[in-house]
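Please look over the protein shown here and read the short report on its build.

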Amino acid sequence: MPEPNGMPGRGEAFFVVLPDHAAALAVASAVPHDRTLRYASGRPWLIGNWPGAAITAAQAGAARIAVLGTPAPADRLRREAGRLTGLTALDRLARTLPGSFHLVAALDGRTRVQGDAAGLRLLFHARVGGVTVAADRADVLAALAGAGLDERQVAARLLWPLPHPLPHTPMWRGLTAVEPGEQLNLEPDGGARVRRWWTPPEAERSLAAGATDLADALTAAVDARTAGGGTVSCDLSGGLDSTSVCFLAARGEARVVASTCPGRDPADEDLEWARRAAARLPGVEHAVWPAEESPLVYAGLLDIDDALDEPSIGMMDRARVLSHVPRLLAKGSRLHLTGIGGDHVTWCSEAHYHGLLRRRPRLALPRLRGFRALFDWPLGPMAAALADGRPYRRWLADAAAGLRLPPAPPAAGALGWDDPPRLFGWVTPDAERMAADVLREAARAAEPLAPDRGRHADLHAIRACARIVRQWERMSARAGLPTASPFLDDRVIDACLAVRPEDRVTPWKYKPLLVAAMRGTVPDACLTRSTKAEASMDAADGLRVHRTDLMALWEDSRLARLGLVDAARLRDLASRPAVPALREAILYSTVGCEVWLRTLDGGPRAAAAAPSVKETG
């Protein structure tokens, strides 16, 4: 069974937060680190490895505040530290700072540590050496605690899709994740407690009011990244999201390089729309990379050596995501901005109409007919989905009993809690039992992210997106170019979630909230797009071109060693890349788990080992 392979190499950032307790000294000595911030007592408070520009810190007397992520105004942190009388007073700071960050604060020996609302800035905690220790990486904490891999959680990660609350469970025994929107308080006696600091706003704002809020929040989010000048690069795919970020960045202090990676599909309109935007961005350099040089899906899977703390379907696109990095570094970029997350926050789930049908049938019925026509939903499954009133726990328990069922009709997932999770033919009966047990256990106490299934679906989609972006950001930073996705900032999410869902999602208009918010910033000629490119051709070509690598992936499969997959069936499937089912991304969760396990037990990466601190109390 694979075990944690030690701390990340020196080039990979992480931090560990320690309590103001004598036992923390032994814990700190077991963590190879380059940087240390201390409590007023002199004991280590925050240790790890991070670039100097990635932290803003201030202190006054016994008060300490640190922001790790998007740089924060240093003078504001000094003022907050100087008047700090209690850690709960930092709620306002956490909810008003632009950017994406971890916030860590200490006062009189107590520490507050938190991430964000989206789950891009995660936290984990465990008992180590008799005290509670927190870290932003589960692999670091697992190595420190000497924790073993939990095969049941690996089996659960083979599910497609992975339902709430399973994404929040660490892959090692004895570790606990801090939910997005919650904070962890470390006490001087070595104990800890959790408190919620963020809840989604009520969806009461009109489209006009919400558009103003979103424009302000997204502008501040981009400004926080361009502040200080230099050169930044931006995705310019031609879609509304990246186009909006690019126009906002062009108004800031930094020089902007707009980066376009066209798809290989001749029907792809992205390049045309990107050029239309670039023509209206004087002073912005437009770099268009040759489509034939862009790696396909599944490229480079055998070479991945990133230290990640969970499996990720983002592994499939790693080579594509990083392909632009050397060229953008050569152009002087210090930071790359993406439009990722715009689909998840400015748009919202059609599942809102499940509730709207009951509350406002005259509004809901015509729009549901519009969605049916738009998505070609058969009437029977659509009516069944709308009539389904199962609470979330019942839905999750039912899903555990049907993991081998055929895919549910699209309307069932679009109008329900989620697409029911599935396992595929190459997953072994033992893995199925483990995954079903994990689901059943979760169902006994699971609460949806919101009582309304539309709001639940929105929050779950945001978190799922953030988990992939979190790993891409680590990969890109390791390659030398930090990345940011302003749409996933808390302030931007707040602005979007506050708008009435019937104003955000409609069959008649595409992203009406973002279009209204960007009116006057993005030229009208760039706001009229109502289509979105899809990469099915690139994925199909990737299966064909990288068939040999996919077959090699299963020759000495780590999943097979654990008894979770039938490697022979996977090799056979990889030898037939034209199988229609493979175009539906059914391999993603399995490939993500396999590649991740290979990085754990060595793979091509040689990580520095670190001693563990055994539990003593």
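In this predicted model, the centres of domain 1 and domain 4, taken over C-alpha atoms, are separated by 35 Å. The contact between these domains takes 10 residues from domain 1 and 13 residues from domain 4. The bounds of each domain, as given by the domain assignment of the protein, are listed in the table.

| Domain | Residues |
|---|---|
| domain 1 | residues 14–196 |
| domain 2 | residues 207–293 + 306–346 + 458–533 |
| domain 3 | residues 377–447 |
| domain 4 | residues 536–601 |

The secondary structure of the protein comprises 26 helices and 17 strands. Along the principal axes, its C-alpha atoms fill a box of roughly 65 × 55 × 50 Å. Is the protein compact or extended, given its radius of gyration of 24 Å? A compact globule with 617 residues would have a radius of gyration near 25 Å, so the value of 24 Å agrees with a compact globule.

Burial and contacts come next. Of the 617 residues, 58% count as buried. Take the contacts between residues at least 6 apart in sequence: 74% of them join residues at least 24 apart.

The accessible surface of the protein comes to about 23400 Å², and carbon and sulfur atoms account for 53% of this surface.

Note on methods:
Residues are numbered from 1 along each chain as its sequence is written. This is a predicted model: local features need pLDDT of at least 70, side-chain atom pairs count only at pLDDT 80 or more; totals for chains, interfaces and linings use all residues. Side-chain values use heavy atoms; hydrogens and water are left out. Helices (H or I, at least four residues) and strands (E, at least two) are DSSP runs, numbered from the N terminus. The radius of gyration is taken over C-alpha atoms; the globule rule is 2.2 Å times the number of residues to the power 0.38. Buried means under 20% relative accessible area, exposed over 50%, partly exposed in between (1.4 Å probe, protein chains only). Contact means heavy atoms within 4.5 Å. Accessible areas come from the Shrake-Rupley method with a 1.4 Å probe; for residues, only the protein chains shown count as cover. Domain bounds come from an automatic or database domain assignment.
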